[in-house]
Amino acid sequence: MENMRKEYIRSQAAELMNDEAFCVELMTCDAPAKVCDLFARHGIAITEEEVNAFKAEGDAALKNMAEGELDMDQLE
């Protein structure tokens, strides 16, 4: 996923992350397709591939935090 697209999705989703009901529903999504549907209901188009890419980034960040390491984005 290109950086411009990634940043666009992040900026669109940032406001939703302050909505507790949205976050609870997001946490209960058990498949990328459900995440896509949830975001679509809030006016944000995201593909399953993009969901998987964000999940992989999040998983890597959590692993690094557990190991006490920072990746390049976190260092900036």
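Which residues make up the largest nonpolar core?

**Entry 1. The model.** I noted at the outset that this is a predicted model, in which local features need pLDDT of at least 70, side-chain atom pairs count only at pLDDT 80 or more, and totals for chains, interfaces and linings use all residues. Residues are numbered from 1 along each chain as its sequence is written, and side-chain values use heavy atoms, with hydrogens and water left out.

**Entry 2. Confidence.** I looked up pLDDT, the predictor's confidence in each residue, from 0 to 100. The protein averages 86, and 86% of the residues score at least 70. Helix 3 has the highest confidence, at 96, whereas helix 5 (residues 72-75) has the lowest, at a mean of 62. Where pLDDT is low, the predicted coordinates should not be read in detail.

**Entry 3. Elements.** I found five helices and zero strands. Helices (H or I, at least four residues) and strands (E, at least two) are DSSP runs, numbered from the N terminus. The order from the N terminus on is α-α-α-α-α.

**Entry 4. The core.** I returned to my opening question. The largest nonpolar core has eleven residues: Ile-9, Ala-13, Leu-16, Phe-22, Val-35, Cys-36, Leu-38, Phe-39, Ile-44, Ile-46 and Val-51. Helix 1 (3-14) and helix 3 (32-41) each supply at least two residues of this core, and the largest share, four residues, comes from helix 3. A nonpolar core is a set of buried Ala, Val, Leu, Ile, Met, Phe, Trp, Tyr and Cys residues joined through side-chain atoms within 4.5 Å. Buried means under 20% relative accessible area, exposed over 50%, and partly exposed in between (1.4 Å probe, protein chains only). In soluble globular proteins, nonpolar side chains tend to be buried together.

**Entry 5. Helix 3.** I listed the buried residues of helix 3, which are Val-35, Cys-36, Leu-38 and Phe-39. Seen down the helix axis, these buried residues fall within an arc of 165°, so they line one face of helix 3; the arc is that of the directions from the helix axis to the C-beta atoms. Gly-43 follows helix 3 and has a positive phi, near 85°.

**Entry 6. The aromatic pair.** I found one aromatic pair in the structure. The ring centres of Phe-22 and Phe-39 are 5.2 Å apart and the planes stand at 85°, so the pair is edge-to-face. Phe-22 in helix 2 (residues 20-28) and Phe-39 in helix 3 are 17 residues apart, and the pair links distant parts of the chain. Rings of Phe, Tyr and Trp (its six-membered ring) pair if their centres lie within 6.5 Å; planes under 30 degrees apart count as stacked, over 60 as edge-to-face and the rest as tilted. Are Phe-22 and Phe-39 buried or exposed? Both are buried.

**Entry 7. Contacts.** I took contact to mean heavy atoms within 4.5 Å. Leaving aside neighbours within four places in sequence, Phe-39 is in contact with Ala-13, Leu-16, Met-17, Phe-22, Leu-26, Ile-44 and Ile-46. Leu-16 is found in the loop between helix 1 and helix 2 and counts as buried at 12% relative accessibility. The C-alpha atoms of Leu-16 and Phe-39 are 9.1 Å apart, although 23 residues separate the two in sequence.

**Entry 8. A lysine.** I checked Lys-6, which lies in helix 1. Lys-6 is buried, with a relative accessible area of 12%. Its C-alpha atom is separated by 9.9 Å from that of Ile-46, 40 residues away along the chain.
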